[in-house]
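Welcome! Please take a moment to look over the sequence and the model, and then we can walk through them together.

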Amino acid sequence: YDMTIHREGHTVLFVLLLILFGLNWVVFYFYPDSPLAQNSAVLVSVIFYLLILQFFRNPVFQITQDLKHVLAPADGKVVVIEETTETEYFKDRRKQISIFMSPVNVHVNRMPVGGKISFFKYHPGKYLVAWHPKSSTENERTTVAVKMTNGVEILFRQIAGALARTGAERQVDELR
């Protein structure tokens, strides 16, 4: 697959590059005779920049459409598979699959199935850590239901955490 950088990251990465360049210039200016300080500053800057760069990566790959499959909408680790009562849209028992995205995962979420959006709601909220018991109901989140061409309807929810916020308000504008 190919790799691109998500458009939201372009400005952040450019500004960060300028800041890190400035900080390194300061180290080189005030410590001209200290290769240890200079090399340490460059090394820390490069590592930090690469960590932020990988956060904004956006892999491009080919997906085969199959009505029998629901693709994972996000990278990460599956942490819960259980029966639960969905109270916002379906209002009945459903299978829940929860994926935790760490800072090293790709932070681009995708549509898990093809179809028409049958429900969409943005919920402003807090940015509690993901393991907080109320993060799934009190954090900023976006709920989307999609009706596939075969009539099956699925719901997925993107919940912001303490570190990475969803940008859900921008997603609302993109879906309109």
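What percentage of the 176 residues of the chain count as buried? The figure is 26% of the 176 residues. Keep in mind as you read on that this is a predicted model.

## The chain as a whole

Let's begin with the overall layout. The chain holds four helices and seven strands. If you read along the sequence, these elements follow the pattern β-α-α-β-β-β-β-α-β-β-α.

How does the chain compare with a compact globule? A compact globule of 176 residues would have a radius of gyration near 16 Å, whereas this chain has 20 Å. Along its principal axes, the C-alpha trace spans about 70 × 35 × 30 Å.

Now find helix H1, which covers residues 7-30. Asn24 is found in this helix, and it counts as buried because its relative accessibility is 11%, under the cut-off of 20%. A polar atom of the Asn24 side chain lies 2.7 Å from the backbone oxygen of Leu20.

Tyr31 sits in the loop between helix H1 and helix H2, the latter spanning residues 35-55. Is Tyr31 buried, partly exposed or exposed? With a relative accessible area of 49%, Tyr31 is partly exposed. Tyr31 also belongs to a nonpolar patch on the surface, together with Phe21, Trp25, Val26, Tyr29 and Phe30. Together, the residues of this patch have about 750 Å² of accessible area.

Next, look at strand E6, residues 141-147. Six of the seven residues of E6 are buried, so this strand is largely enclosed by the rest of the structure.

Which strands pair with E6? One of them is E5, made of residues 116-123, which runs antiparallel to E6 and is joined to it by seven bridges. Here Phe120 has Val144 in E6 as its bridge partner. Strand E7 also runs antiparallel to E6, and seven bridges join these two strands. Here Thr142 has Gln158 in E7 as its bridge partner. As a general point, side chains in a regular strand alternate between the two faces of the sheet.

## The turn from E6 to E7

The hairpin of E6 and E7 has five residues between the strands. Within this hairpin, Gly151 takes a positive phi near 90°.

Asn150 lies in the loop between E6 and E7, where E7 covers residues 153-159. Asn150 is partly exposed, with a relative accessible area of 39%. Its side chain reaches the backbone nitrogen of Val152 at 3.0 Å. What about residues farther along the chain? Asn150 and Gly115 are 35 residues apart in sequence, and their C-alpha atoms are 9.0 Å apart in space.

One last stop is Lys91, in the loop between strand E3 (77-86) and strand E4 (92-100). Is Lys91 buried or exposed? Lys91 counts as exposed because its relative accessible area is 56%, over the cut-off of 50%.

The backbone here deserves a look too. Lys91 has a positive phi of about 55°, although it is not a glycine. In general, most residues other than glycine have a negative phi.

How values were computed: Residues numbered from 1 in each chain as written. Predicted model: local features only at pLDDT ≥ 70, side-chain atom pairs only at ≥ 80, totals over all residues. Heavy atoms only, no water. Buried < 20%, exposed > 50% of the residue type's maximum accessible area, 1.4 Å probe, protein only. Polar contact = N/O pair within 3.5 Å; in protein donor to acceptor, adjacent residues only side chain to side chain. Patch = residues over 30% accessible without salt bridge, like charges linked within 9 Å, V, L, I, M, F, W, Y side chains within 5 Å. Areas by Shrake-Rupley, 256 points an atom, 1.4 Å probe, with all protein chains shown as cover. Salt bridge = Lys/Arg side-chain N within 4 Å of Asp/Glu carboxyl O. Pairing = 2+ DSSP bridges. Rg over C-alpha atoms; globule rule 2.2 N^0.38 Å.
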